[in-house]
Amino acid sequence: MPRIYLSPPHMGPDERGLLLDAFDSNWIAPLGPHVDAFEREFAELVGSEHAVALSSGTAALHLGLRLLGVQPGDEVLTSTLTFAATANAITYVGARPVFIDSDRRSWNMDPDLLAEELEALARQGRRPAAVLAVDLYGQCADMPRIVEVCEQYGVPVLEDAAEALGATCAGRHAGTWGVLGVYSFNGNKILTTSGGGMLVTARGDWAERARFLSTQARDKAVHYEHSEVGYNYRLSNLLAAIGRGQLRVLSSRVARRRAHNRYYREALGGIAGLSFMPDAPYGEPTSWLTCMTVDPEQFGATRETIRLHLEGHDIESRPVWKPMHLQPVHRSCRARGGIVAAELFDRGLCLPSGSSLSDDDRRRVVQLLLEVPRA
Ligand SMILES: *Cc1c(COP(=O)(O)O)cnc(C)c1O
């Protein structure tokens, strides 16, 4: 039986056709008609004024922090429960991340703890350069509250929606709540171009500046003239063509992942010791990955026993992100709280969730999960 992956790429005939069109047109470059069209179509889909196609989500985070003017020595508040790229981007501009714990109702940044941290800093006459809020596993953080609290203290919000394209919060798309939003098209994301990212903003001047910085900051001149340091962060025209094809089928991909989530909940939700990442009341998640927690006392086996049992049958599942405040590389950084995220890491498991996963595949996952030896 073929291996079942956590979240493999899912391509169709549109992606193939558009890719070949790009190839045959000889626009084999980090610019071209598919890049322009991908940006237009993407901006329209998420309801943003401008979108800038970049080489990765990490590059988009880095440029976003540059656009906000984050300086060496500044602090940026972010979620502790996230992928390393979020915190890495903060260090690229020389700033220091401050990690905020998750809440239990969404696993995302706890807005009460964020408010406490902003208040504590304000009392000392300090203000962070930005808040980098993450939308975890296809579900938005409580963005209306996060934006409201940040406005109160005059702190700009950058939204890391790398995992949440297609999700909504209070009727608005993930990634459009902050002054800047970031998406990723890495191989395991809901829309993939093998690698790629997008930066969205309502500000035309920022979009223009992001394009400038992402193409080596070349000044307007016939020769090569540079008065600033830039980056090579633009998306390839070939990959943008794949992205356009993926955009056309996004809603059906979301629907399939949601169906997996319902299936897993129905099959496993009633079993003592197993619970699922809650759907927060304020939005519509994509269920990019279906995640559950395992209480070893109640279930009679740990998350790791389950993971190894599935792996023994060639099924890939993964622990929930290890929180950033527990990572050796960030041991000198401050954190507010951290117990909730630590527990989610300890007990959390992401199940195979790809949109190409068949009904038989997911039945097999559930069956094997129920066969795990239990105390
Ligand atoms: C995937 C991911 C990124 C990074 O995106 P890349 O395109 O892989 O650089 C950033 N933040 C989060 C939360 C992610 O899951």
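How many nonpolar, polar and charged residues make up the shell around the ligand? By class, the shell holds five nonpolar, eight polar and three charged residues. Here Ala, Val, Leu, Ile, Met, Phe, Trp, Tyr, Cys and Pro count as nonpolar, Asp, Glu, Lys and Arg as charged, and the others, Gly among them, as polar.

This is a predicted model: local features need pLDDT of at least 70, side-chain atom pairs count only at pLDDT 80 or more, and totals for chains, interfaces and linings use all residues. Residues are numbered from 1 along each chain as its sequence is written, and side-chain values use heavy atoms, without hydrogens and water.

**Ligand site**

There are 16 residues around the ligand, each with a heavy atom within 4 Å of it. Gly57, Thr58, Glu163, Ser184 and Lys189 come nearest. Helix 3 (57-67) and helix 4 (84-92) each supply at least two shell residues. Helix 3 gives the most, with three. Helices are DSSP runs (H or I, at least four residues), as are strands (E, at least two), numbered from the N terminus.

| Residue | Protein atom | Ligand atom | Distance |
|---|---|---|---|
| Gly57 | backbone N or O | oxygen | 2.7 Å |
| Asp160 | polar side-chain atom | nitrogen | 2.8 Å |
| Glu163 | polar side-chain atom | oxygen | 2.6 Å |

The protein covers 95% of the 380 Å² of accessible area that the ligand has on its own (Shrake-Rupley method, 1.4 Å probe).

**Positive phi**

Ala170 is not a glycine, yet has a positive phi of about 50°. Ala170 lies in the loop between strand 6 (168-169) and strand 7 (172-173).

Definitions and conventions. A polar contact is a pair of N or O atoms within 3.5 Å; within protein, one must be able to donate a hydrogen and the other to accept it, and residues adjacent in sequence count only if both atoms are side-chain atoms.
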